[in-house]
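Work through the exercises below with the sequence and the model at hand. Try each task before reading its solution.

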Amino acid sequence: ASGLELHSDRSTLPFTGPWLLAPMEGVTDACFRDLVLERNSADQLGGAFTEFARVVDHPLPTRILRRHLGERRFRTPVGLQLMGNDLGALAATAARAVEAGAPIVDLNFGCPARTVNRSDGGSVILREPQRVHAIAAAVRAAVPAQVPVTARARLRCRSNRASSSPARATPPSARSSPEATAGRALSVAPSRINRPARCQGR
């Protein structure tokens, strides 16, 4: 589609290693990410993502986005994931995410939860590819060209399988043919990691 590309060249992506910590709602908060990043070198765990920040009908405040990102303690880059359907609010929030320090902005088109889908978010948007394009294009236009915009999607709207290839949107001036960029998700069982006392209740 014009103005949107799924790019295969990883040279401009900020990832430092072959494995990624996928965004997981209720799991990958700043404290959990710190525990995982502390145990895995940046050469192996090349990137992580926040749990999704829900954008409704107005941009999220920068302070909220900074809270999602947490303090930068490791070399591994941490991208900020956004979910919503309001083009203007998502675009403005993405711009603020970059100001807050996000090296990459990820869009959630993969959440299959019925409560999320009923409010027109997550994987339900996959039913209308033109809306996926419109959201990605709006966010792409709102952030600097050097900041990658990726999207997490499922194979189908209600599929139990998530796509293993996150899509990266690049500016219209870059290239024009759609491709796929490979990515491998690191799966970590939260129950197997004991959180320190400072993390309880966050």
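**Exercise 1.** Is F49 buried or exposed? Then find its aromatic partner.

*Solution.* Start with accessibility. F49 has 6% relative accessibility, so it counts as buried (under 20% relative accessible area; exposed is over 50%, partly exposed in between, with a 1.4 Å probe and protein chains only). Next, search the whole structure for aromatic pairs: there is one. (Rings of Phe, Tyr and Trp, the last by its six-membered ring, pair if their centres lie within 6.5 Å; planes under 30 degrees apart are stacked, over 60 edge-to-face, the rest tilted.) F15 and F49 form this pair, edge-to-face, with 6.2 Å centre to centre and 70° between the planes. F49 sits in strand β2 (residues 45–49) and F15 in the segment before β1 (19–21), so the pair ties together parts 34 residues apart in sequence. F15 is partly exposed, at a relative accessible area of 22%.

A note on the source: this is a predicted model, where local features need pLDDT of at least 70 and side-chain atom pairs count only at pLDDT 80 or more, while totals for chains, interfaces and linings use all residues. Residues are numbered from 1 along each chain as its sequence is written, and side-chain values use heavy atoms, with hydrogens and water left out.

**Exercise 2.** How many helices and strands does the protein chain have, and in what order do the elements run?

*Solution.* Count first: five helices and eight strands. (Both are DSSP runs numbered from the N terminus: helices are H or I with at least four residues, strands E with at least two.) Now read from the N terminus: β-α-β-β-α-β-α-β-α-α-β-β-β. Of the 202 residues, 46% count as buried.

**Exercise 3.** Which residues of α1 are buried?

*Solution.* Helix α1 covers residues 30–39. Its buried residues are A30, C31, F32, R33, D34, L35, V36 and L37. H68 itself is in helix α2.

**Exercise 4.** At what angle do α2 and α3 pack, and which residues meet?

*Solution.* Take the axes first. Helix α2 (residues 62–69) and helix α3 (residues 87–99) pack at about 60°, with axes 9 Å apart. (Axes are lines fitted to C-alpha atoms, for helices over the stretch in contact; angles run from 0 to 180 degrees between N-to-C directions.) The two are therefore oblique to each other (under 35 degrees is roughly parallel, over 145 roughly antiparallel, 65 to 115 roughly perpendicular, the rest oblique). Now list the contact. T62, L65, R66 and L69 in α2 meet T93, R96, A97 and E99 in α3. These divide into three nonpolar, two polar and three charged residues. (Ala, Val, Leu, Ile, Met, Phe, Trp, Tyr, Cys and Pro are nonpolar; Asp, Glu, Lys and Arg charged; the others, Gly among them, polar.) T93 is buried, at 0% relative accessibility.

**Exercise 5.** What classes of residue make up the contact of α3 with α5?

*Solution.* Helix α5 spans residues 129–142 and packs on α3 at about 35°, with axes 8 Å apart. L87, L90, A91, A94 and A95 in α3 meet A134, I135, A138, V139 and A142 in α5. Sort them by class: ten nonpolar, no polar and no charged.

Terms used
Contact = heavy atoms within 4.5 Å.
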